[in-house]
Amino acid sequence: MQRRFSRRAIVLGGVQAAFVGALATRMRYMQVEQADQFRLLAEENRINIRLIPPTRGKIYDRNGQIIGQNAPSYRIVIVREDAGDVDAVIANLSKLIPLQEEELERARTEMRRSAPFLPVTIADQVTWEDISKVAINAPALPGITPEVGLARHYPRYEDFAHVVGYVGPVSDYDLSQLSDPEPVLRIPRFQIGKVGLEAKQEEVLRGKAGAKRVEVNATGRIMRELDRQEGQAGADLQLSVDADLQQYIQARLSGESAAAVVMDCETGDLRAICSAPSFDPNLFVRGISVADYRALTEDKYRPLSNKSVQGTYPPGSTFKMITAMAALEAGVMGPSDGVYCPGYLKVGSRRFHCWKRGGHGRIDLLNSLMQSCDVYYYDMALKVGIDRISEMSRMFGLGIRHDIPMSAVAEGLAPNQDWKRTVHGQEWLVGDTANASIGQGFMLASPLQLAVMTARLATGRSVTPRLVKSIDGVEQPTGAGEALPVDMNNLNQVRRAMFAVSNDRRGTAYRSRIIEDVYRMAGKTGTSQVRNITAAERAAGVIRNEDLPWERRDHALYVCFAPYDNPKYAVSVVVEHGGGGSKAAAPVARDIILQALYGGTPPLEAYPVADRDHIKEQQLRLESDQRPKARPDEKDRA
Amino acid sequence: MSYLEYAVKSTPSGFRKILYMNWPLTLLLISVASAGFLMLYSVAGGSFTPWVEPQVKRFGLGLAVMFVVAFVPIWFWRNMAAVAYLVSIVLLILVELVGTVGMGAQRWIDLGFMRLQPSELMKITLVMLLAAYYDWLPEQKTSRPFWVLLPVIMILVPTFLVLRQPDLGTSILLLAAGGGLMFLAGVHWAYFAAVIAAAVGLVSTVFKSRGTEWQLLKDYQFRRIDTFLDPSTDPLGAGYHITQSKIALGSGGWSGRGFMQGTQSRLNFLPEKHTDFIFTTLAEEFGFVGGFSLLILYALILVFCMATALATKDRFSSLVTLGISLNFFLFFAVNMSMVMGLAPVVGVPLPMVSYGGSAMLVLMAAFGIVHSANIHRPR
């Protein structure tokens, strides 16, 4: 018996020994052979990489005034595990500060999904006053903490809405537009440029995200930070724009639907680039309310549209310099050659009218530009042909897209025969040439293009606009260009005529002249029709603009440069449906260019004596009108 | 040879019994328990609470119980076997009726100062009963069908009761320990062969029926068996624990990540790290060196039990000693296979190391019986 027991005991012992051996082998296999693999898995478990969002670059004007910055923004977060009874805590909080039901609903959903120790935002963009209330009542609000972050803020409000645009949270659409979106874009509430410079210079402004490696436990709670690699803040941008001038112009344009561009004739620096009315971009950063948004979209003055670069208008008579240059360069006429203006020109069976019913009689280049005779330009255009006019337009910066980092920069249109054939499938007609010669018909130009044209006329060089002066302190190439391939004598003739427009008693802009000798201005008025004048109406007498509904009135335009002898600034002004250029646009342009030349409010001595009283009144009004730099809610942030 | 044949005078008595204690075995048990204290200290994040302190107290109590049991003559335990078995059965039934629901299964009776798990007690009393049964049974009857059926019933009754709790792990251990004891007692090979053949046949029939029209189990039952057998098919559910356990164990490497440096356990990736998965923590922090050392300690305990069993001259002592050592072996073998991903997760703690009262106390008492067999053997 004992023998059998021993035998079986040894069998069982053998089985046990074999099993212990198997366990040891398995342990060795996992811990020695596969150790590296498992170590890696353990590290993956434990280490999370968290992105540190980079600080967005600031935007300054040319003098270092802040246009776009990162201001502290306060939000209130709740931590579920600290709050205990979440609903009760929220109810207490809502007695203290206003809470939005939508935001609360979103927060509740987020809380259900996320770990109990993760903070969930229940109120964003909270004022300092409300934050203080929450801080004081902290004992009654377990789990509630105020947090401070950085949010984009535009301290110049409306002034730069169209230039700088605004930022907003990354949307699904934004992500879908990118083939390989940077991980930083997936950080909740991360903001990127949506419109304008903010969007166009996104790469520069955004910077590079940093990263920190953190140790997390099984539920995702951060236990400690292992190491961190700081990101790189976005580059600061300095614009060519002068914020004070911009502010002045926005104020000067208020009440109109208008655009104005001030360009440095030498460097191409855009000193101001305005579109009125405007809007407060900060509203969009916060997330604009439906009511506010509707108010903006339903305004017939279209505050959201950026008229300065996006809006294109028939340039009207401001185009006549180009027609003249084309004719002079082609040699189809000399500056003193005369054309007889009977008030119309018959092209085929159709009469093309001059604005002056009785006609100007015999007229040369200087007088035709000064008095803006249409017939002279019909005649020239028919002689030189549309293709050479189109070519001259491009040389002067019309019909081409200027590369500045703003949204929807329009190409405009300087049509030629090919263009009409390709786009409309029709032959170019002589009548089209006649229309184009005075900047009507197919011709379209943006205020920016008109400013470029004027700067090129002023200097005879191929100046290009520059909006960004420096990136992180590195000066960007200026827009100073090569000399234009034109005869300077011809250009001088045209400039002389532009001088007469503003300084000759018979000039269309004589009333808006500058009398300070060193700042004499040369310009050209333009009035572009937005409606056809029928033969019947012409017979009965053209209806005056004042008697038409706003939408059907003419656009008023004025382009100018000053000083005449040594051009410093070129200005273009378009007042939508403003009526005549000499009345609605030229005075605005004069005020703007004087403001730019003097670097502030110009002395009344620069104005003609007759204007001084109302200019003084206007200056006082505008100075008081110009919005204070800080608004009431600004104080909360400070 | 029965204990009656012992010359009572030839066995040590009184304080002389202390000299005949198996001291190496006692030291081994203390070492293993100490490894447990160390790991419990580590998983508590370097603290004596909440686990080390009660565990040390219970081990102290366990040692006392072991000595008391050891000094009681082995024949007393033989006589007590049937009573102990019946008490365990009654307690198992009681747990059905008044047991506290814990961990989703009715497993313990709250005695006030500790929670008693009758199933733990059952493991030892079953071994005692079977050993006593074969001690009593004339050897020539061992393989007769009727005398085979009786111990089978003795095994199946508690197995069934434990399975109802439900505690699959313990029922398997009961079956295996009972079967092992019958094997040691010399029951004919053919019975084991028949049972194994029948089990294999049944299982394969059930699996073959899958997808046919005479399918024996519902689809969801099959799926549960799938996950049970291969947790990796459900990496976020049942498989999560075993995957994390394997990662922890493997990442320990040769010499481990250092005491209290195991990231998997410290950061809560490991489940049940103070009970069923404590070996994983040990292997993570002390590596292969640590894990293998513990395995050697366990193996040495088995060796000492085997030596005692072969040295004793009576059938009860031999059988009960080997039965207890078999139980002990099954305990750690199943637990280690489980945490290494070799066996399904069945909830068997690591003996003497895992945090837990009943199991440790009962094991210490059982080793008391081994000591008793050793002390009271004729020399």
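Me: Does A:Lys469 count as buried or exposed, and at what relative accessibility?
Reply: This is a predicted model, so the value is computed from predicted coordinates. Buried means under 20% relative accessible area. A:Lys469 falls under that cut-off, so the residue counts as buried, at 15%.

Me: Which side chain meets A:Lys469 in a salt bridge?
Reply: The N to O distance in this salt bridge is 3.5 Å.

Me: How many salt bridges does a search of the whole structure find over all chains?
Reply: Side chains of opposite charge can pair when their charged atoms come close. The cut-off is 4 Å from a side-chain nitrogen of Lys or Arg to a carboxyl oxygen of Asp or Glu. Over all chains, the search finds 44.

Me: How many residues apart in sequence are the parts that A:Arg302 and A:Glu576 tie together?
Reply: The two side chains meet in a salt bridge at 2.6 Å, N to O. A:Arg302 lies in the loop between α13 (290-298) and α14 (320-330) of chain A. A:Glu576 lies in the loop between β21 (569-575) and α23 (581-598) of chain A. The pair therefore ties together parts whose separation in sequence, in residues, is 274.

Me: Is A:Arg506 buried or exposed?
Reply: A:Arg506 meets A:Asp504 in a salt bridge at 3.5 Å, N to O. A:Asp504 counts as partly exposed, at 22% relative accessibility. A:Arg506 stands at 51%, and exposed means over 50%. A:Arg506 therefore counts as exposed.

Me: Which residues of chain B belong to the salt-bridge network that includes A:Glu43?
Reply: Salt bridges that share partners build this network. Chain A brings A:Glu43, A:Arg46, A:Glu215 and A:Arg224. One bridge joins the side chains of A:Glu215 and B:Arg266, at 3.8 Å, N to O. From chain B come B:Arg257 and B:Arg266.

Me: What area is buried between chain B and chain A?
Reply: The contact takes 53 residues from chain B and 35 residues from chain A. Carbon and sulfur atoms give 68% of the buried area. B:Leu267, B:Phe288 and B:Met340 supply 14% of what chain B buries, more than any other three residues. The area buried between the chains is about 3900 Å².

Me: Which helix gives the largest share of the side of chain B that touches chain A?
Reply: Between the chains there are 2 salt bridges and 10 residue pairs in polar contact. Helices α7, α8, α10, α11, α12 and α13 of chain B each supply at least two residues of that side. The largest share is 12 residues, and the helix that gives them is α12(B).

Me: What geometry do the rings of A:Phe284 and A:Tyr293 have?
Reply: This is one of 36 aromatic pairs over all chains. The ring centres are 6.2 Å apart and the planes stand at 80 degrees. Planes over 60 degrees apart count as edge-to-face. The pair is therefore edge-to-face.

Me: How many residues apart are B:Phe328 and B:Phe367?
Reply: Their ring centres are 5.3 Å apart, with planes at 80 degrees, so this pair is edge-to-face. Both residues are buried. B:Phe328 lies in helix α13 (residues 315-339) and B:Phe367 in helix α14 (residues 357-375) of chain B. The separation in residues is 39.

Me: Which residue of chain A joins the ring cluster that includes B:Phe328?
Reply: Ring pairs link this cluster. From chain B come B:Tyr298, B:Phe328, B:Phe329, B:Phe332 and B:Phe367. The member from chain A is A:Phe19.

Me: Over the ring of which residue does the charged end of A:Arg8 sit?
Reply: The charged end lies 4.8 Å from the ring centre. That is within the 6 Å limit for a charge over a ring. The ring belongs to B:Trp189.

Conventions:
Residues are numbered from 1 along each chain as its sequence is written. Chains are lettered from A and ligands numbered from 1 in the order in which they are written. This is a predicted model: local features need pLDDT of at least 70, side-chain atom pairs count only at pLDDT 80 or more; totals for chains, interfaces and linings use all residues. Side-chain values use heavy atoms; hydrogens and water are left out. Rings of Phe, Tyr and Trp (its six-membered ring) pair if their centres lie within 6.5 Å; planes under 30 degrees apart count as stacked, over 60 as edge-to-face and the rest as tilted. Helices (H or I, at least four residues) and strands (E, at least two) are DSSP runs, numbered from the N terminus. Buried means under 20% relative accessible area, exposed over 50%, partly exposed in between (1.4 Å probe, protein chains only). A charge sits over a ring if NZ of Lys or CZ of Arg is within 6 Å of the ring centre and within 35 degrees of the ring normal. Contact means heavy atoms within 4.5 Å. Buried area is the accessible area (1.4 Å probe) that two parts lose on being put together, summed over both. A polar contact is a pair of N or O atoms within 3.5 Å; within protein, one must be able to donate a hydrogen and the other to accept it, and residues adjacent in sequence count only if both atoms are side-chain atoms.
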